[in-house]
Amino acid sequence: MLRWFPENISTYGGDIDAVFSLIYYIVGVWFLLAEGALFFFVFRYRRRAGRAAAYVRGERFSELAWVLVPAVIVLALDFGIEAAGGPVWARVKEDVPEHALRVNVRAQQFNWNFIYPGPDGQFDSADDVTLENELHVPAGRDVEVRLESKDVIHSFFIPNVRLKQDILPGRTIRAWFNATKPGRYELPCAELCGFGHYNMRGFLTVHSADEYERWLQEQWPAAAATAALPAS
């Protein structure tokens, strides 16, 4: 298949790759046919001595067929791609699982801020933890990210989980993924967001269940101590 793609570690990544493969092979075959026909006719009807050029008006059905038949084929193939990709789109973009682990994402030039709700399970409370450019999740669990931007348009992109979603100022957009393989994966911004765009780079760390529990225990004692400090 498409071996140059990054390793897929998400539950729905295989479906997305299958749609990409379908588009790739349909467009690839059609491209070769079209370019082959083009070069054949260029060579076959090239300018030669003693052969007059023909003026074709395209009024006869046999002439129109050269346009209409390929158009119908392309339209049918397009509908086929839509039929194959529609359910995948609905699953990835619309069917956010209930009871998923939720992390809020607030993007800004040129950083990702990941906000965890803390032991009380409530956001915007004293035990929230905000991590800069570091997203930590457990393997094998649905994760919902609520995406917001403080300034300009960004694009939340985790190639290994096949998730890419633009983030717009003034809007909260929901997205989700389920990473299956522990590891550390790049999380860039895929939208040109200013002079320092190249430096807007984060990482997704996928833990095993035990490692994630240890990571949680490391985070919240520090958060509780910080919350207990008197305001300066």
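Me: Which helices each supply at least two residues of the nonpolar patch?

Reply: This is a predicted model, in which local features need pLDDT of at least 70, side-chain atom pairs count only at pLDDT 80 or more, and totals for chains, interfaces and linings use all residues. Residues are numbered from 1 along each chain as its sequence is written, and side-chain values use heavy atoms, with hydrogens and water left out. Helices (H or I, at least four residues) and strands (E, at least two) are DSSP runs, numbered from the N terminus. The helices that each give at least two residues to the patch are α1 and α2 (61-94).

Me: How much accessible area do the residues of this nonpolar patch have together?

Reply: A patch is made of residues with over 30% relative accessible area and no salt bridge; like charges are joined within 9 Å, and nonpolar side chains (Val, Leu, Ile, Met, Phe, Trp, Tyr) within 5 Å. Accessible areas come from the Shrake-Rupley method with a 1.4 Å probe, and for residues only the protein chains shown count as cover. The members here are F40, F41, Y45, F61, L64, W66, V67 and L68, and their accessible area together is about 930 Å².

Me: Is L64 buried, partly exposed or exposed?

Reply: L64 is placed in helix α2, which gives the most to the patch, with five residues. Buried means under 20% relative accessible area, exposed over 50%, and partly exposed in between (1.4 Å probe, protein chains only). Because its relative accessibility is 37%, L64 counts as partly exposed.

Me: Why is strand β8 (residues 173-177) described as largely enclosed, and which residue of β8 is the bridge partner of V145?

Reply: Four of the five residues of β8 are buried, so the rest of the structure largely encloses this strand. Two strands pair if DSSP finds at least two bridges between them; strand β5 (residues 143-149) and β8 run antiparallel and are joined by five bridges. In β8, V145 has as its bridge partner A175.

Me: How far apart are the closest N and O atoms of D15 and R91?

Reply: A salt bridge is a side-chain nitrogen of Lys or Arg within 4 Å of a carboxyl oxygen of Asp or Glu. The structure holds eleven salt bridges. D15 and R91 form a salt bridge whose closest N and O atoms are separated by 2.7 Å.

Me: Which residues are joined with R106 into one network of salt bridges?

Reply: R106 and D124 meet through their side chains in a salt bridge (3.6 Å, N to O). The side chains of R106 and E148 also form a salt bridge (3.4 Å, N to O). E148 is in strand β5 and R106 in strand β1, so this pair ties together parts that are 42 residues apart in sequence. Through shared partners, the salt bridges join R106 into one network with D124 and E148.
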